[in-house]
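Me: Please take me through the labels used for this model and what each one rests on.

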Amino acid sequence: MRRYLFFVNQPYSYSILRPLQDEIRRRGDEAAWFVAGCSTAPLLPDERRLATVKEVMDYKADATFVPGDWVPYFFPGIKVEVFHGMARNKRGHSSEDDSDHYRIRGWFDLYCTHAERDTAKFQKLARMHRHFAVAHTGWPKLDPLLSQPVRGPRELGEGELPVVFYASTFSRSVTSAPQLVEKISELSRSGRWKFIVTLHPKMDSGVVEQYRNLAGENLRFVESDEDLLPILPEADVMLCDTSSIMFEFMFLDRPVVTYRTKMPGPYLIDVDKVEEVEPALEKALQYPMDLIDATRALCSDLHSFRDGCSSERVLNAVNDFVTVKQGGLRKKPLNLLRKFKVRRRLRRELRSSAPHR
């Protein structure tokens, strides 16, 4: 029986890793969770938590799965990068190749990529560095979404209001949350729309509280540590800014409206003024075919697979790496300064993690 470890540093990691846990259990293997830097509250009663570094070392996992950009290098087993999102240039770099998505920090043995383009880029980097391997697997987080036939427009019943899923990222340079709070409040009270609202876990607490206070008959506030993927199909359209959740929503073949996005394109309706938001939502509800076609093309570019079996491919890639590929790789770089910083960060984030409840 193989043992696997999930390294969680942000609340969004839970929904990325749980499809992998399902596949691990289906195979009769074992998984455990190590949380540092965020709350352990989302852990379920049947999910095993390792609370200390000693417990991790004694567990002796064959592989550690990481949705973020760092992992304690001394943990047993290989370190597997599964990413916290799909490859897009969110930060406005001069090109996609310059984005943080492709930064090699020397922590990972295996990168599990999502599409042909990012696979080719990581394979090029692997030939250059020669201390990690790459497998084109798809993203486990999308498995529950892609394994269900929920794509296309919802059928609205008599008198049923259209539902807008609003999500915003936290960075001040790209977030729309402060600018749209009054408009979303107005629209939710108008009797014309229903809203589901969630905000990034790093969002300013004052802004979060403003949106929490809007909760009512036509607005549901969803905390950042909840699994959003099962909720997405409830919405007819998404309102967003530059949050990567917009790309997950697009796999439903449903439209996205953005406010001053840093990632414009024919696959969304972007507006610059608050008063343009509602007309844009109304246009999106018409499901313009040019918009939907562009959305489908983007999804194919971001993620090669529509079968909901990415978790299976990830585990197969890990087993292949353990049994075959790792023997031909160089040792990872020493990274002495980075290793010191990782140990210091781990101590700090273990102290800040909320206790399990």
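Predicted model: local features only at pLDDT ≥ 70, side-chain atom pairs only at ≥ 80, totals over all residues.

Reply: Residues are numbered from 1 along each chain as its sequence is written, and side-chain values use heavy atoms, with hydrogens and water left out.

Me: What makes strand S7 and strand S8 a pair?

Reply: Two strands pair if DSSP finds at least two bridges between them. Strand S7 (residues 163-168) and strand S8 (residues 194-199) run parallel and are joined by 6 bridges, so they meet that definition.

Me: Why do strand S9 and strand S12 count as edges?

Reply: The open sheet has 6 strands in the order S9-S8-S7-S10-S11-S12, with parallel pairing. S9 (219-222) and S12 (269-271) each have a single partner strand, so one side of each is left without a neighbour in the sheet.

Me: How do you know that the length of helix H1 agrees with its residue count?

Reply: Helices (H or I, at least four residues) and strands (E, at least two) are DSSP runs, numbered from the N terminus. The expected span is 1.5 Å times one less than the number of residues. For the 14 residues of H1 (residues 13-26) this gives 20 Å, and the end C-alpha atoms are 20 Å apart, so the two agree.

Me: Why is Phe-7 called buried?

Reply: Buried means under 20% relative accessible area, exposed over 50%, and partly exposed in between (1.4 Å probe, protein chains only). Phe-7 has 1%, so the label is buried. Trp-70, at 4%, is buried too.

Me: Why is the pair of Phe-7 and Trp-70 called edge-to-face?

Reply: Rings of Phe, Tyr and Trp (its six-membered ring) pair if their centres lie within 6.5 Å; planes under 30 degrees apart count as stacked, over 60 as edge-to-face and the rest as tilted. Here the centres are 5.1 Å apart and the planes stand at 85°, so the pair is edge-to-face. Phe-7 lies in strand S1 and Trp-70 in the loop between S3 and strand S4 (78-81), 63 residues apart.

Me: What makes Arg-313 a charge over the ring of Phe-305?

Reply: The test asks for NZ of Lys or CZ of Arg within 6 Å of the ring centre and within 35 degrees of the ring normal. Arg-313 lies over the face of Phe-305, at 3.7 Å from the ring centre. Likewise, the charged end of Lys-339 sits over the ring of Tyr-73, 5.0 Å from its centre.
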